[in-house]
Amino acid sequence: MNPNKLIYVAGHRGMVGAALVRALESRGEGNIITRTSKDLDLRDRNAVDEFFATKKPQIVYLAAAKVGGIHANATYPAEFFFDNLSIATNVIDSAYKHGVEKLLFLGSSCIYPRLAPQPIPENALLTGPLEPTNEPYALAKIAGLKLCDAYRKQYGCNFISAMPTNLYGPGDNYHPENSHVLPAFIRRFHEAVKNGEKEVVCWGSGTPKREFLHVKDLADGLLHLMDHHDSEGWVNIGTGIDLSIGELATTIAEVVGFKGEIVWDSSKPDGAPRKLLNVSKMSEMGWDASIKLKDGIESVYADYVSNGK
Ligand SMILES: NC(=O)c1ccc[n+]([C@@H]2O[C@H](COP(=O)([O-])OP(=O)(O)OC[C@H]3O[C@@H](n4cnc5c(N)ncnc54)[C@H](OP(=O)(O)O)[C@@H]3O)[C@@H](O)[C@H]2O)c1
């Protein structure tokens with residue numbers, strides 16, 4: 001708990017940043033500072049340095065990043081690389097220079113090697129080739145994780161990192177081309193019901209397996225890490241349970257009320273065959289996810305509908 005500290009949540013309008021602000025506020029950590037990307041572009045070295053020099057945040061949650069699905073990563077590889085690398089280097093270096101007491105950086109389960117052992121332990125990072133569809137994003141995020149460790153080693157900074165699995169929840173991106181699989185399915189199946197369509201075509205074979213964590217659970221887990229974890233490396237955060245993309249589609253079709261046929265377009269890429277995190281480290285630290293996937297999907301679908309979609 002840091003009730004009297006100045007806490008900077010970078011990326012507060014994003015799905016993770018907004019969940020972090022809600023979680024911090026709900027436990028009384030009200031001294032939170034935020035900036036939109038328009039007010040403070042974290043790719044701008046000088047602007048970031050000036051912000052840290054003048055505002056002097058004591059605690060930093062770095063939840064700002066350029067994030068997207070397979071299509072966005074394939075279309076904008078340079079931006080995914082440059083933006084994420086710049087955000088990481090600028091924020092981490094300014095946090096060091098201006099005396100931030102503790103910083104949390106976010107990696108992602110999709111930056112582990114494509115064929116990592118399952119469930120993926122933390123020490124699988126950099127042990128094999130990356131998933132080619134998001135290699136630029138992964139390289140930038142790996143640099144961020146390693147920067148935190150390097151600043152800890154050389155300067156004694158208390159910078160820690162978490163490795164969340166696939167997330168979903170309020171504030172998710174439902175863009176038809178640039179969204180992750182779970183919100184993309186919600187949108188697609190919802191539209192199919194609305195338009196009376198008899199079939200929905202989904203990308204890939206439906207066989208890859210994925211794990212999904214509600215962002216409220218993630219925010220709780222990140223606060224737990226901030227309270228209890230002070231060492232190098234990164235900690236996986238997930239549910240420890242996965243399901244196939246086909247099963248996910250069936251679950252979402254059921255929640256949304258789609259009764260037609262689900263067709264798989266195998267000419268489209270699948271991504272990694274399986275991505276399940278080994279969450280035993282986090283569990284040993286006394287934290288486990290609590291929101292069941294179907295309950296979480298029902299609640300985000302209710303939000304989606306109430307937002308007039
Ligand atoms: N979503 C997932 O499934 C997932 C899974 C694992 C890990 N993560 C990690 O979680 C973190 C947050 O992801 P998210 O899903 O919350 O992303 P998001 O919803 O796309 O939000 C990203 C936020 O980053 C900010 N941002 C982007 N570029 C910026 C820039 N140049 N300067 C300042 N701010 C900038 C945006 O601010 P504005 O709104 O002000 O433009 C936005 O609010 C990322 O590090 C991501 O790698 C996400």
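Where is Ser231 found? Ser231 sits in the loop between helix H7 (215-228) and strand S10. The model described here is a predicted one.

## Overall build

The protein chain has ten helices and 13 strands. Its radius of gyration is 19 Å, close to the 19 Å that the globule rule gives for 309 residues, so the chain is as compact as a globular protein of that length. Along the principal axes, the C-alpha atoms fill a box of roughly 60 × 40 × 40 Å.

Of the 309 residues, 46% count as buried. Among contacts in the protein chain with a separation of 6 or more, 82% come from residues 24 or more positions apart.

## The parallel sheet

Six strands form an open sheet, in the order S2-S1-S3-S4-S5-S10, and the pairing is parallel. Strand S2 (32-33) and S10 stand at the edges with a single partner strand each, so one side of each has no neighbour in the sheet. Strands of a sheet pair through backbone hydrogen bonds, in either a parallel or an antiparallel way.

S4 and S5 run parallel and are joined by four bridges. Across this pair, Leu106 stands opposite Ala162 in S5. On the S10 side, four bridges again join S5 (residues 159-164) to its parallel partner S10. Ser161 has Trp234 as its bridge partner in S10, and Pro164 has Ile237.

How many of the six residues of S5 are buried? Six of the six are, and the strand is mostly covered. Side chains in a regular strand alternate between the two faces of the sheet. In S5, Phe159, Ser161 and Met163 lie on one side and Ile160, Ala162 and Pro164 on the other, and both faces are covered.

S10 (residues 234-237) is an edge strand of the sheet, yet its residues are buried. Trp234 and Asn236 point one way from S10, whereas Val235 and Ile237 point the other way. Helix H5 (residues 135-155) lies across strand S4 (102-106), S5 and S10. The helix runs at about 155° to S5.

## Around the ligand

Which residues come nearest to the ligand? Of the 24 residues around the ligand, these are Gly11, Gly14, Val16, Ser37 and Ala65. Helix H1 (15-26), helix H4 (77-97) and strand S6 (166-168) are the elements that give two or more residues to this shell. H1 gives the most, with three residues.

By residue class, the shell around the ligand divides into eleven nonpolar, eight polar and five charged residues.

Is Ser231 buried or exposed? Ser231 has 9 other C-beta atoms within 10 Å, and a residue with 12 or fewer is classed as exposed, so Ser231 is exposed. Ser231 and Ser244 are 13 residues apart in sequence, and their C-alpha atoms are 34 Å apart in space.

With 16 other C-beta atoms within 10 Å, Asp93 is partly exposed. Between Asp93 and Val193 there are 100 residues of separation in sequence and 49 Å in space, C-alpha to C-alpha.

Definitions and conventions. Residues are numbered from 1 along each chain as its sequence is written. This is a predicted model: local features need pLDDT of at least 70, side-chain atom pairs count only at pLDDT 80 or more; totals for chains, interfaces and linings use all residues. The radius of gyration is taken over C-alpha atoms; the globule rule is 2.2 Å times the number of residues to the power 0.38. A residue is buried if 20 or more other C-beta atoms lie within 10 Å of its own, exposed if 12 or fewer, and partly exposed in between; C-beta atoms are placed from the backbone. Two residues are in contact if their C-beta atoms, placed from the backbone, lie within 7 Å. A residue is near a molecule or strand if its C-beta atom, placed from the backbone, lies within 6 Å of it. Ala, Val, Leu, Ile, Met, Phe, Trp, Tyr, Cys and Pro count as nonpolar, Asp, Glu, Lys and Arg as charged, and the others, Gly among them, as polar. Two strands pair if DSSP finds at least two bridges between them. Axes are lines fitted to C-alpha atoms, for helices over the stretch in contact, and angles run from 0 to 180 degrees between N-to-C directions.
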